[in-house]
Amino acid sequence: MTTATESSVSELLTSLGIEQDNSGAFCGRWLDTQGSPIESVNPTTGEVLATIRSATTDDYETVAAATTEAFHQWRTWPAPMRGEVVRQLGDALRQKKEALGRLVTLEMGKILSEGLGEVQEMIDMVDLAVGMSRQLYGLSMHSERPEHRMYEQWHPLGPIGIITAFNFPVAVWAWNATVAAVCGDSMIWKPSSKAPLCGLAISNIAKEVLEANDAPPIFNLLIGDRKQVGQHLVADPRITLISATGSVSMGRKVGNVVAQRLGRSLLELGGNNGIIVTDDADLDMALRAVLFAAVGTAGQRCTSNRRLFLQKGIAAEMKQRLVQAYKSITIGDPMDPAILMGPLVDQQAVDDMVAALETAQQQGAKILYGGGVLEGPGFFVEPTLVEATGEMPITCEETFAPILYLFEFDDLDEAIATHNSVPQGLSSSIFTTNLLSAEQFLSPGGSDCGIANVNIGTSGAEIGGAFGGEKDTGGGREAGSDSWKAYMRRQTCTINYGRELPLAQGVEFDVG
Ligand code: UN1
């Protein structure tokens, strides 16, 4: 007998065009892929949701060729017309927001409010990209030569590759895809094998929008392993840009291969994000921000708060309030609105958390709260507070789990130095009511991260800004501001409208 939950899950999947057994490659049409099956597992129950026949090397070739062909057509469309297609993608996402949000929650386990928020982030990206489609501005310069004009223009770049992680299985595609589309690029998306159904659902939605506009197949998909798909995508000279989100070790490999062929890469890798709370901070606000940043998405955001620096005057009170708050975190089915923390994505993530906590204790840490693994089914753990003492190399690593390391400090210089002493440089925050402390944190000698916030947590960035970080985080910038430039090629043009041919820098070169 089918239970109510089972039937509602299958209704949801059907409404997004997902079957029990699915193709893993799309390029305007679904290919008959025959690669080894990938199971999408619901991390809340451990049950298989659906299967995907992964793409093979042959499928890669078919998709890469179609994506290249699509680029040749798409780049001739005026940018505002490309923007119109993206606008319609936004309409489709609005219609499917509820279903897509539920799918995100079902497949990777973030709570429904965050699942819906992620789809909203896609919609916001669409709106931004539609505006961008009329604002892909180049500069004009004054030529040093008489009767000459100089300007720069931005052309579509080419077919691009988008590699995304499980934790933002749809929004990170949208950061790249919406901007790349208005810029005139076609693309191949390789989603995480831990969240492949999200890739199927989005591809089905994009397919309808493209077909309704007689647009070439620019939004393509390949689901498969590194050998069959990933390594071809990264090494393929046709793929002008690889935008990759994931671990530092993945980014190092991808970056190396792309650099070898002098391609472009845009890397958004690990974070080890710190929050500094000074004695004069508004502790109510700091507490709420830390909770969302450290426990939200079960600590599985690249922006999750992993290190908390407490000034000595408020440290004891904050620790006590944190423990109280952690005790009241509701853990369970992420579809249930009363729940604040869902499961980790899989057993490997649970094992990684357990191993990190063991190492932390060997290195002298004390667990202040949590540390436990909950009974299955599902991959549930307790959110955990760890008192860091002295030298603890584990605190320089990113563990994708709800572990928060607590540090104490005397003065802000010291806190900023420790804050910056890790290899990663994504997001950072300070909680203070002192203008001088806030500005010190934002000054050139302050936070060394790509994102620096005052009285806001480390996670939950808006799409209007450029998103990304420094050092091991990889240096890439996605989403808003002028991030679009990564998806286009710049051309500097000089036009002589006179009858003479003067050379620049006063060089004379006359024959006879
Ligand atoms: C990620 O975890 O890879 O700032 C992206 C945030 C989200 C994006 C996170 N808007 O937390």
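Which residues is Thr384 in contact with, leaving aside its neighbours within four places in sequence?

1. In this predicted model, Thr384 is found in strand β15, which spans residues 384–387. Leaving aside its neighbours within four places in sequence, Thr384 is in contact with Tyr326, Met353, Leu357, Ile367, Tyr369, Gly370, Gly371, Pro402, Ile403 and Leu404. Thr384 counts as buried because its relative accessibility is 0%.

2. Turning to the ligand, the residues that surround the molecule are Glu121, Asn167, Phe168, Trp175, Glu268, Arg301, Cys302, Thr303, Ser459, Gly460, Ala461 and Phe467. The space that the ligand takes is the largest cavity.

3. Among these residues, Asn167 places a polar side-chain atom 3.1 Å from an oxygen atom of the ligand. Cys302 has a backbone N or O atom 2.8 Å from an oxygen atom of the ligand, and for Ala461 a backbone N or O atom lies 2.7 Å from an oxygen atom of the ligand. Taken alone, the ligand exposes 320 Å², and the protein buries 99% of that area.

4. A further point concerns Gly35, which lies in the loop between β2 (25–26) and β3 (37–41).

5. Leaving aside its neighbours within four places in sequence, Gly35 is in contact with Arg53, Ser54 and Thr56. As for Thr57, which is 22 residues from Gly35 along the chain, the C-alpha atoms of the two residues are separated by 9.1 Å.

Key. Residues are numbered from 1 along each chain as its sequence is written. This is a predicted model: local features need pLDDT of at least 70, side-chain atom pairs count only at pLDDT 80 or more; totals for chains, interfaces and linings use all residues. Side-chain values use heavy atoms; hydrogens and water are left out. Helices (H or I, at least four residues) and strands (E, at least two) are DSSP runs, numbered from the N terminus. Buried means under 20% relative accessible area, exposed over 50%, partly exposed in between (1.4 Å probe, protein chains only). Contact means heavy atoms within 4.5 Å. A residue is near a molecule or strand if one of its heavy atoms lies within 4 Å of it. A polar contact is a pair of N or O atoms within 3.5 Å; within protein, one must be able to donate a hydrogen and the other to accept it, and residues adjacent in sequence count only if both atoms are side-chain atoms. Accessible areas come from the Shrake-Rupley method with a 1.4 Å probe; for residues, only the protein chains shown count as cover. On a 1 Å grid over the protein atoms alone, a cavity is a set of points where a 1.4 Å probe fits but cannot get out, and a pocket is an open set with protein on both sides within 12 Å along at least five of seven lines; lining residues have an atom within 4 Å of a point. A molecule sits in a cavity or pocket if more than half of its atoms lie within 2 Å of its grid points.
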